[in-house]
Amino acid sequence: MSSLDQTFRLLTSIDAPFLGSRTARRTFDFGRTHVVRPKGKHQATIVWLHGLGDNGSSWSQLLESLPLPNIKWICPTAPTRPVALLGGFPYTAWFDVSELSENGPDDWEGLDASAAHIANLLSTEPCDVKVVIGGFSMGAAMALYSATACALGRYGNGNPYNINLRAIVGLSGWLPGSRCLRNKIEVSHEAARRAASLPIMLGHGTCDDVVPYKHGEISAHSLNVAGFRNLTFKDYEGIGHYTIPKEMNEVCNWLTARLGLEG
């Protein structure tokens, strides 16, 4: 395993709907990125995103132990920012969140900034390598937002999204921007085609007391209704807000099948 110090300073300027009509400018400082090199033939690269308050290092250690020798793992660290859900105190977070609710405001600016950072990490991968985004909790939410940007061909701010994602994995997370997703996909034949062809695996524990199980169910339903037909949703009876060996084994098997990995 090797690690890279990649601190990206990403300045964005967009109209943020949740802030009204004024234009907001925020600077996002992304932390250290950890890279796990493939032990075999490099067939796929997966950016794996941690949850709220965590960092890329903790996940890189687990991912290195998985029986997937042909995958390169990139584990970035989110910016440290005030999080409204936690009283405005600073935590590593891919975007701000005030509540887990279908009707809660979405931090489009933060979502776009993190999605662009993740896309930048994948932009230099060889053209014959399949690229994937996965994550846990808030990281899963970020992965699903990237999936919607990929299908639409653009970020929320209208800038083009140019990464051809081959699969998405989201564990114990939720779907940001679910309210308006279906309408956005339906108006574009190309977006509908991309949505239908993108494999997505979701997993959620039925006893999750941090991101309740219902949010996993609602996210899977919203994605399916919006046209993401190639979707697998797995529930884990009695499991809380954490992963278990069974879940990670099923992730490995799913990735191997969807990506056509050797060995």
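The second largest cavity has a volume of about 60 Å³. On a 1 Å grid over the protein atoms alone, a cavity is a set of points where a 1.4 Å probe fits but cannot get out, and lining residues have an atom within 4 Å of a point. Volume is the space filled by probe spheres set on the points. This is a predicted model: local features need pLDDT of at least 70, side-chain atom pairs count only at pLDDT 80 or more, and totals for chains, interfaces and linings use all residues. Residues are numbered from 1 along each chain, and side-chain values use heavy atoms, without hydrogens and water.

Among the residues lining the second largest cavity are A140, W174, H204 and F233. Strand 11 gives the most, with three residues. Helix 3 (138–152) and helix 6 (213–226) each supply at least two. Helices (H or I, at least four residues) and strands (E, at least two) are DSSP runs, numbered from the N terminus.

By this rule, there are two cavities of 30 Å³ or more. The largest cavity is lined by 20 residues; S101, D106, W174, L175 and P176 are the closest to its centre.

Here are both cavities by volume and lining class. Ala, Val, Leu, Ile, Met, Phe, Trp, Tyr, Cys and Pro count as nonpolar, Asp, Glu, Lys and Arg as charged, and the others, Gly among them, as polar.

| Cavity | Volume | Lining residues by class |
|---|---|---|
| Largest | about 200 Å³ | eight nonpolar, six polar, six charged |

Terms used. On a 1 Å grid over the protein atoms alone, a cavity is a set of points where a 1.4 Å probe fits but cannot get out, and a pocket is an open set with protein on both sides within 12 Å along at least five of seven lines; lining residues have an atom within 4 Å of a point.
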